[in-house]
Amino acid sequence: MSSSANIENVLVLQGGGSLGAYECGVYKALHKHGIKFDIIAGTSIGAVNAAIIVGSKSRNSVHDLENFWLEIVDNLVPSIIPDNIRPSLSVLSGSIYGNRNVFEPKWIFPYQAMYYYLISPYLYDVLPLKNTLSRYIDFTRLNNNNNRKSAVPRLIITATDIQDSESVTFDSMNRNIDLEHIISCAGYPFYGISWIQKDGRYLWDGSLQSNTPLREVIDASPRNDKNVYIVNLFPRKHHDLPTNMFETWHRARDIIHTDKTLHNVRMSGVISRYIQLLEDMHDIIATSSDENAKSKFRGSTESEYRKLVQQRGTIIRNIVRIERSEDLHFLFEDADFSLGTISHLIEQGEQDAENALKDHSVLSR
């Protein structure tokens with residue numbers, strides 16, 4: 001089969017709040033093995049991670065990404081507290097006092113929180129996250145990929161338009177991305193995070209439309225084939241049935257946000273087989289001794305054939321999925337910013353990525 005002009009390496013990062021620390025560990029492993037990316041895409045906390053990687057202010061993306069995660073940990077909850085208790089305390093602490101480097105509550109005293117549910121459309125402001133990201137992202141560097149020879153990956157991040165329910169894509173290839181573009185991708189309404197008004201639209205978290213923005217990558221770069229690495233933060237399989245309502249909500253949340261790109265991958269395979277068939281038929285006609293058949297094929301038919309082959313759309317050549325597993329099923333696990341949890345997620349992501357690379361024989365290539 002005719003190959004595309006370029007085969008792009010793509011890293012796709014999901015949304016998942018504090019679970020984004022797992023993506024930090026995954027990226028550490030991929031970087032260690034010298035895997036370079038042409039496109040890094042993400043939504044929600046995945047958009048934040050992607051922006052730090054692409055626009056790393058120190059030019060050391062691994063260093064900056066890990067330092068970001070260690071800076072936003074919740075230091076109010078000691079790590080010595082047992083694993084089955086610490087997450088709940090961290091979530092409680094964050095819901096009342098916020099996180100000084102990520103989000104802050106609108107109220108002054110904790111007892112005022114109950115009133116804000118009735119008088120405000122959101123409970124937390126993300127100004128602290130803007131200030132934190134400004135210390136890690138060089139926006140001149142992030143937006144310096146209009147030149148195809150640039151060593152800086154292309155950044156693609158997604159949000160959701162509140163008023164018309166449309167997915168909104170910000171692509172550093174065709175616009176300058178700033179802090180508010182990034183923040184607008186991470187306004188998760190179910191946790192009371194504020195929306196952002198940007199470019200004439202009111203924007204929420206991109207995970208409301210798709211938590212795995214592979215489709216947006218294909219739409220933005222349709223002509224180049226791709227090797228895709230997807231980080232799946234929400235387990236697809238869970239053999240034990242829920243035993244209470246908290247476990248029910250937890251499992252339902254996993255299903256809503258888990259990777260659903262299998263259809264895109266299957267369609268890529270179908271397109272690949274169709275194109276192969278077309279090329280085989282073309283070769284048969286081109287080498288045929290039947291001059292009448294050759295004559296019929298020339299002209300508009302030949303032109304249409306060339307157009308189909310050249311504009312066939314992305315074919316996914318290879319896909320590597322790094323999937324997080326869990327032993328404890330905690331409904332608010334994505335809001336646990338305790339140091340013990342963040343450190344564990346980074347280590348788990350790094351180890352899972354190592355295993356995934358070995359399973360896919362990526363390291364031997």
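**A serine, some rings and a core**

Reply: Let us begin with S165, which is partly exposed, because its relative accessible area is 47%, a value from a model that is predicted.

Me: And where is the place of S165?

Reply: S165 belongs to the loop between β5 (154–161) and β6 (167–171). Its C-alpha atom is separated by 8.8 Å from that of L208, although the two residues are 43 residues apart along the chain.

Me: OK, on to rings. How many aromatic pairs does a search of the whole structure find?

Reply: The search of the whole structure gives 14 aromatic pairs. One of them is formed by F68 and Y136, an edge-to-face pair with 5.9 Å centre to centre and 85° between the planes.

Me: Which parts of the chain does that pair link?

Reply: The pair links distant parts of the chain, since F68 lies in helix α3 (residues 61–71) while Y136 lies in the loop between α6 (127–134) and α7 (139–142), 68 residues apart. As for solvent, F68 and Y136 are buried.

Me: What about F246 and W249?

Reply: F246 and W249 also form an edge-to-face aromatic pair, with 5.6 Å centre to centre and 85° between the planes. Both of these residues lie in helix α10 (residues 245–257), where they are three residues apart, about one turn of the helix.

Me: Is F246 buried or exposed, and where does W249 fall?

Reply: F246 is exposed because its relative accessible area is 52%, and the cut-off for exposed is over 50%. W249 has a relative accessible area of 44%, and therefore counts as partly exposed.

Me: Which residues form one aromatic cluster?

Reply: That cluster is made up of Y188, F190, Y191, F330 and F332. In another kind of ring arrangement, K106 has its charged end over the ring of Y122, at 4.6 Å from the ring's centre.

Me: Now the inside: which residues have the most contacts in the largest nonpolar core?

Reply: Those are L11, F68, W69 and L133, in a core of 66 residues. Helix α2 (residues 45–54) gives the most to this core, namely eight residues.

Me: What is L11 in contact with, leaving aside neighbours within four places in sequence?

Reply: With those neighbours left aside, L11 is in contact with Y27, L30, F37, I39, I40, A41, Y229 and V231.

How values were computed. Residues are numbered from 1 along each chain as its sequence is written. This is a predicted model: local features need pLDDT of at least 70, side-chain atom pairs count only at pLDDT 80 or more; totals for chains, interfaces and linings use all residues. Side-chain values use heavy atoms; hydrogens and water are left out. Helices (H or I, at least four residues) and strands (E, at least two) are DSSP runs, numbered from the N terminus. Buried means under 20% relative accessible area, exposed over 50%, partly exposed in between (1.4 Å probe, protein chains only). Rings of Phe, Tyr and Trp (its six-membered ring) pair if their centres lie within 6.5 Å; planes under 30 degrees apart count as stacked, over 60 as edge-to-face and the rest as tilted. A charge sits over a ring if NZ of Lys or CZ of Arg is within 6 Å of the ring centre and within 35 degrees of the ring normal. A nonpolar core is a set of buried Ala, Val, Leu, Ile, Met, Phe, Trp, Tyr and Cys residues joined through side-chain atoms within 4.5 Å. Contact means heavy atoms within 4.5 Å.
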